[in-house]
Amino acid sequence: MNINERLPSAGSEALLDYGHGEFRVVRPGAFVRCAVTGAPIRLEDLRYWSVDWQEAYVSPEAVLLRVRRGGRP
């Protein structure tokens with residue numbers, strides 16, 4: 001995400017393309033959902049995601065749960 005992208009409308013869910021060390025906004029929004037917990041994650045707070053699975057995670061603990069679960073859900 002960079003400064004040239006429009007600010008998302010409040011309350012809408014974004015669609016992202018997760019890359020190595022950055023993500024690209026495909027559909028603007030204010031948040032994404034954690035693939036493990038379903039908790040909303042504001043884009044400015046997003047720190048954890050999987051490039052391979054194209055999923056976001058709310059915390060390192062959620063990442064660990066996802067890895068332990070293995071495979072696609």
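**Exercise 1. The surroundings of D17**

Task: Is D17 buried, partly exposed or exposed in this predicted model, and which residue forms a salt bridge with D17?

Solution. 
Step 1. The relative accessible area of D17 is 34%. Buried means under 20% and exposed means over 50%, so D17 is partly exposed.
Step 2. The partner of D17 is R24, and their closest N and O atoms are 3.9 Å apart. The cut-off for a salt bridge is 4 Å.
Step 3. R24 has a relative accessible area of 47%, so R24 is partly exposed.
Step 4. The structure, which is a predicted model, holds five salt bridges. The bridge between R24 and D17 is one of them.

**Exercise 2. A network of charges**

Task: Which residues are linked with R42 in a network of salt bridges?

Solution. 
Step 1. Begin with E44: its side chain meets that of R42 in a salt bridge, at 3.4 Å from N to O.
Step 2. R42 also forms a salt bridge with D45, where the closest N and O atoms are 2.9 Å apart.
Step 3. R42 takes part in both bridges, and R42, E44 and D45 are linked in a network.
Step 4. For accessibility, R42 has a relative accessible area of 47% and is partly exposed. E44 counts as partly exposed at 47%, and D45 counts as partly exposed at 40%.

**Exercise 3. Order of the elements**

Task: How many helices and strands does the protein have, and in what order do they run?

Solution. 
Step 1. There are one helix and six strands.
Step 2. Read from the N terminus, the order is β-β-β-β-β-β-α.
Step 3. Of the 73 residues, 27% count as buried.
Step 4. The accessible surface comes to about 5,000 Å², and carbon and sulfur atoms account for 53% of this surface.
Step 5. Take the contacts between residues at least 6 apart in sequence: 23% of them join residues at least 24 apart.

**Exercise 4. An aromatic pair**

Task: Why is the pair of F23 and W49 edge-to-face?

Solution. 
Step 1. The count of aromatic pairs comes to two.
Step 2. In the pair of F23 and W49, the ring centres are 5.4 Å apart and the planes stand at 90°. Planes over 60 degrees apart count as edge-to-face, so this pair is edge-to-face.
Step 3. F23 belongs to strand β2 (residues 23-27) and W49 to strand β5 (residues 48-50); the two residues are 26 residues apart, and the pair links distant parts of the chain.
Step 4. F23 counts as buried, at 11% relative accessibility, whereas W49 is partly exposed, at 21%.
Step 5. Another ring has a charge over it: the charged end of R66 sits over the ring of W53, 3.6 Å from the ring centre.

**Exercise 5. The nonpolar core**

Task: How many residues does the largest nonpolar core have, and which of them have the most contacts inside it?

Solution. 
Step 1. This core has 14 residues.
Step 2. L16, Y18, V32 and L46 have the most contacts inside the core.
Step 3. Two or more core residues come from each of β1 (15-18), β2 and β6 (55-57).
Step 4. Look at L46. With residues up to four places away in sequence not counted, L46 touches L16, Y18, F23, V32, I41, A56 and Y57.
Step 5. As a general point, nonpolar side chains tend to be buried together in soluble globular proteins.

Terms used: Residues are numbered from 1 along each chain as its sequence is written. This is a predicted model: local features need pLDDT of at least 70, side-chain atom pairs count only at pLDDT 80 or more; totals for chains, interfaces and linings use all residues. Side-chain values use heavy atoms; hydrogens and water are left out. Rings of Phe, Tyr and Trp (its six-membered ring) pair if their centres lie within 6.5 Å; planes under 30 degrees apart count as stacked, over 60 as edge-to-face and the rest as tilted. Helices (H or I, at least four residues) and strands (E, at least two) are DSSP runs, numbered from the N terminus. Buried means under 20% relative accessible area, exposed over 50%, partly exposed in between (1.4 Å probe, protein chains only). A charge sits over a ring if NZ of Lys or CZ of Arg is within 6 Å of the ring centre and within 35 degrees of the ring normal. A nonpolar core is a set of buried Ala, Val, Leu, Ile, Met, Phe, Trp, Tyr and Cys residues joined through side-chain atoms within 4.5 Å. Contact means heavy atoms within 4.5 Å. Accessible areas come from the Shrake-Rupley method with a 1.4 Å probe; for residues, only the protein chains shown count as cover.
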